[in-house]
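Dear colleague,

Please find below the structure that I am handing over to you. My findings follow directly after it.

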Amino acid sequence: VTTTHNFMHSLQKSFIDWHRAPLFDTSPDWRRLWPWLALGILFYLAALALRSWANLSQPGLYMEDAGHYFNSYYGGRRYLSFILQHPNGYYNILNNLVAWLAAKGDVRLQPLIYHLFSLGMGVSVAVCLACTGLVRSRAVLLVTPLALGLSGMNHIFYHVSLTFQMYNVVVLLLCLLFFPPPKSWTATGCLALLAALLIWSGPYSVVALPAALLCLLLFPWDRKAVLCAWIVVCTLWYTTALEGGLIRLQNILNPQVQEMILTTLFGRVLLLDSLSAPLMVQIALGLALAAGPLVLLRREVGYVKISLVLFAIIVLSLAPLFLSQKILLYQQVYPCHIYIAQFFWVFYLLISLDRLLARQERSRALKGALLALAVFVFVFADNRRHPDKGFIQPMDKVPAYVRAVHAAEQLRLEKHNQYLVLRTQSTAPRAAPASVRVGSRRRSATMADATVLPVDGGREFITR
């Protein structure tokens with residue numbers, strides 16, 4: 001009995017010591033790192049502009065930007081409470097708030113507002129983890145925004161589509177878990193408000209629940225623990241608000257779904273969709289990539305803790321797709337479904353390389369330079385292999401369309417109890433058409449003649 005008691009006491013003490021162990025023995029030397037971080041951000045922005053200028057320079061209404069946002073909010077007539085709409089079964093407050101605010105202004109600026117917000121969110125997500133202090137070597141820090149922004153973010157839509165910000169908000173929420181504890185209760189309160197907004201703005205925010213719980217278990221209880229507990233409570237609240245019909249836990253027993261899970265996790269996430277090989281080969285290589293750094297760095301407690309949280313996010317971020325009715329509907333896995341997993345997997349590889357480089361005592365600068373070059377080459381090859389990461393057919397008609405809507409507004413058709421319906425005639429394959437009614441909204445209103453707009457002034461968009 002005494003031996004068992006001593007063993008349990010020793011085990012408890014070891015866990016408490018492990019729990020209290022800091023991520024690093026010393027804080028990051030930002031005076032040394034900031035120039036490299038700034039250079040890395042500039043490097044990423046330059047590469048992004050060079051790769052995707054055709055899309056970055058041309059606002060569009062991709063995916064559901066028109067159907068869910070532009071069409072719904074056009075005219076600025078919606079009450080603020082409309083941002084709580086959830087036609088797909090989940091709330092998406094931030095996107096709806098942006099669309100609601102944009103609709104208060106000039107219609108010609110609305111696609112640009114969507115575009116700038118999306119670009120700002122995409123850039124913020126790409127550079128966020130580089131600012132946590134988890135990457136300490138200058139060489140790896142230099143390429144971290146590039147790798148996360150151009151490969152971890154697996155589609156150009158995260159930089160240009162308002163619809164796809166429902167995924168970016170979740171990544172940004174999860175990034176909060178990797179920052180040091182807030183320095184004041186005021187900062188903690190501000191982060192708590194931000195976290196609540198992010199949670200209620202994306203269906204995949206349910207992934208934050210197990211990640212935040214794991215942080216409470218692994219890290220010291222300080223102001224960050226309060227933030228994690230708040231994230232748990234808000235996520236539970238959000239989860240209860242989702243429509244129950246979306247969840248299908250029995251999918252896990254479906255052999256077809258099981259195979260899709262394995263293929264997706266190992267082939268498309270851990271191998272970054274870069275190797276065509278039998279499933280067993282993909283599993284073996286994926287496990288080697290995941291476990292290898294952990295074995296080599298097993299004595300670095302902080303690294304092991306961060307890795308456990310990252311693995312939880314990587315694996316569980318696939319659950320909202322595979323344990324819902326959507327996988328039965330889609331019958332395939334789109335890039336957006338694995339975005340969170342791929343993004344944090346790339347970050348795991350980066351911090352693993354960072355810690356391995358830190359252990360090198362000889363020629364560290366040379367090895368760091370070669371490592372940075374290897375990451376750059378991989379990102380370049382990855383983007384060549386997956387062109388959707390950097391380019392989608394621009395929506396050239398959108399500027400002319402919103403100019404036509406504005407021109408129709410100037411006719412003051414409501415004074416004559418008339419209206420026009422303007423609709424984008426040709427849309428990209430991945431975009432819902434923009435369609436708005438300009439003028440009177442009375443039932444007795446009649447449609448104005450198309451000739452009220454000049455041929456070169458948007459008449460092509462008038463529909464009946």
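**Aromatic pairs**

Phe70 and Tyr74 are both buried, where buried means under 20% relative accessible area, exposed means over 50%, and partly exposed lies in between (1.4 Å probe, protein chains only). Please note that this is a predicted model, in which local features need pLDDT of at least 70 and side-chain atom pairs count only at pLDDT 80 or more, while totals for chains, interfaces and linings use all residues. Residues are numbered from 1 along each chain as its sequence is written, and side-chain values use heavy atoms, with hydrogens and water left out.

The rings of Phe157 and Phe164 have centres 5.0 Å apart and planes at 65°, so this pair is edge-to-face. Rings of Phe, Tyr and Trp (its six-membered ring) are paired if their centres lie within 6.5 Å; planes under 30 degrees apart count as stacked, over 60 as edge-to-face and the rest as tilted. Phe157 and Phe164 are each buried. A search of the whole structure gives 23 aromatic pairs. One of them joins Phe70 and Tyr74, a tilted pair at 6.4 Å centre to centre with 35° between the planes. Ring pairs also build a cluster, whose members include Tyr62, Phe157, Phe164, Tyr204 and Phe347.

**Salt bridges**

The structure contains 7 salt bridges, each being a side-chain nitrogen of Lys or Arg within 4 Å of a carboxyl oxygen of Asp or Glu. Among them are the following:

- Lys389 and Asp382 meet at 2.4 Å, N to O. Lys389 counts as buried because its relative accessibility is 5%, and Asp382 counts as buried at 1%.
- Asp354 and Arg355 meet at 3.5 Å, N to O. Asp354 is buried with a relative accessible area of 0%, and Arg355 is buried with 14%.
- Asp273 and Arg268 have their closest N and O atoms 3.8 Å apart. Asp273 counts as partly exposed because its relative accessibility is 32%, whereas Arg268, at 19%, counts as buried.

**Helices**

Helices (H or I, at least four residues) are DSSP runs, as are strands (E, at least two), and they are numbered from the N terminus. Helix α14 covers residues 301–316, and its 16 residues should span 22 Å at 1.5 Å a residue; the end C-alpha atoms are 23 Å apart, which agrees. The expected span is 1.5 Å times one less than the number of residues. Helix α14 is mostly covered, with 12 of its 16 residues buried. Among these buried residues are Gly302, Lys305, Phe311 and Ile314.

Ser72 belongs to helix α3, residues 65–73. Ser72 counts as buried because its relative accessibility is 17%. Leaving aside residues up to four places away in sequence, Ser72 touches Ala66, Gly67, Arg78 and Phe82, a contact being heavy atoms within 4.5 Å.

**Nonpolar surface patch**

Phe43, Leu366, Leu370, Leu373, Phe376, Val377 and Phe380 form a nonpolar patch on the surface, with about 660 Å² of accessible area together. Accessible areas come from the Shrake-Rupley method with a 1.4 Å probe, and for residues only the protein chains shown count as cover. Patches consist of residues with over 30% relative accessible area and no salt bridge; like charges are joined within 9 Å and nonpolar side chains (Val, Leu, Ile, Met, Phe, Trp, Tyr) within 5 Å. Helix α18, residues 364–385, supplies the largest share of the patch, 6 residues. Val377 lies in helix α18 and counts as partly exposed because its relative accessibility is 47%.

With kind regards
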